[in-house]
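Visitor: I'm new to this, and I'd like to know where the labels come from. Could we go through them one at a time?

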Amino acid sequence: MNDEMRTSSRKTRVGKVVSDKMDKTVVVAIEDRVAHPLYKKIVGRTYKLKAHDEQNACGVGDKVKVMETRPLSKDKRWRVVEIIEKAK
């Protein structure tokens, strides 16, 4: 099996960096739109992930892509794959 055909089973998410105060770690807020179980209205939900940022390249407001990884610390199970858009 060559590298082009291999697909990753790891989840990826796109979100916005809300905190970069930690060393090599950023907090990413993921916006999710789900239907309410009873009323079927689309509701916006936000949840936060801690993601590994090896070069400390991310800043607050950046749009980033994160990928699931093995547990890196107590709360950290994601890593930053790429910075899609830098904050203005």
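Guide: A strand is a DSSP run of E with at least two residues, a helix is a run of H or I with at least four, and both are numbered from the N terminus. Keep in mind that this is a predicted model, where local features need pLDDT of at least 70 and side-chain atom pairs count only at pLDDT 80 or more, while totals for chains, interfaces and linings use all residues. Residues are numbered from 1 along each chain as its sequence is written, and side-chain values use heavy atoms, leaving out hydrogens and water.

Visitor: How do you know that strand 2 and strand 3 pair?

Guide: There are 11 bridges joining strand 2 to strand 3 (residues 42-52), and the two run antiparallel. The rule asks for at least two, so they pair. For instance, Val34 sits opposite Val43 in strand 3. The two strands also make a hairpin with 6 residues between them, and Lys40 in the turn has a positive phi of about 60°.

Visitor: How many bridges join strand 1 to strand 2, and how many join strand 1 to strand 4?

Guide: Strand 1 has 3 bridges to strand 2 (residues 25-35), running antiparallel; there, Lys16 faces Ala29. Strand 1 (residues 12-19) has 5 bridges to strand 4, also antiparallel, and Gly15 has Val64 as its bridge partner.

Visitor: What do the strands build together?

Guide: A closed barrel of 5 strands, in the order 1-2-3-5-4, with mixed pairing. On average, neighbouring strands are turned by 45° against each other, direction ignored (axes are lines fitted to C-alpha atoms, for helices over the stretch in contact, and angles run from 0 to 180 degrees between N-to-C directions). The chain has 0 helices and 5 strands.

Visitor: Thr69: buried or exposed, and how do you know?

Guide: Its relative accessible area is 18%. Buried means under 20%, exposed over 50% and partly exposed in between, with a 1.4 Å probe and protein chains only. So Thr69 is buried. You'll find Thr69 in the loop between strand 4 (63-68) and strand 5 (78-85). Across the chain as a whole, 25% of the 88 residues count as buried.

Visitor: Which residues is Thr69 in contact with?

Guide: Leaving aside neighbours within four places in sequence, they are Arg10, Arg77, Trp78 and Arg79. Contact means heavy atoms within 4.5 Å.

Visitor: What does the side chain of Asp53 reach instead?

Guide: The backbone nitrogen of Cys58, at 3.0 Å. Asp53 itself lies in the loop between strand 3 and strand 4, and its contacts beyond four places in sequence include Lys24 and Val80.

Definitions and conventions:
Polar contact = N/O pair within 3.5 Å; in protein donor to acceptor, adjacent residues only side chain to side chain.
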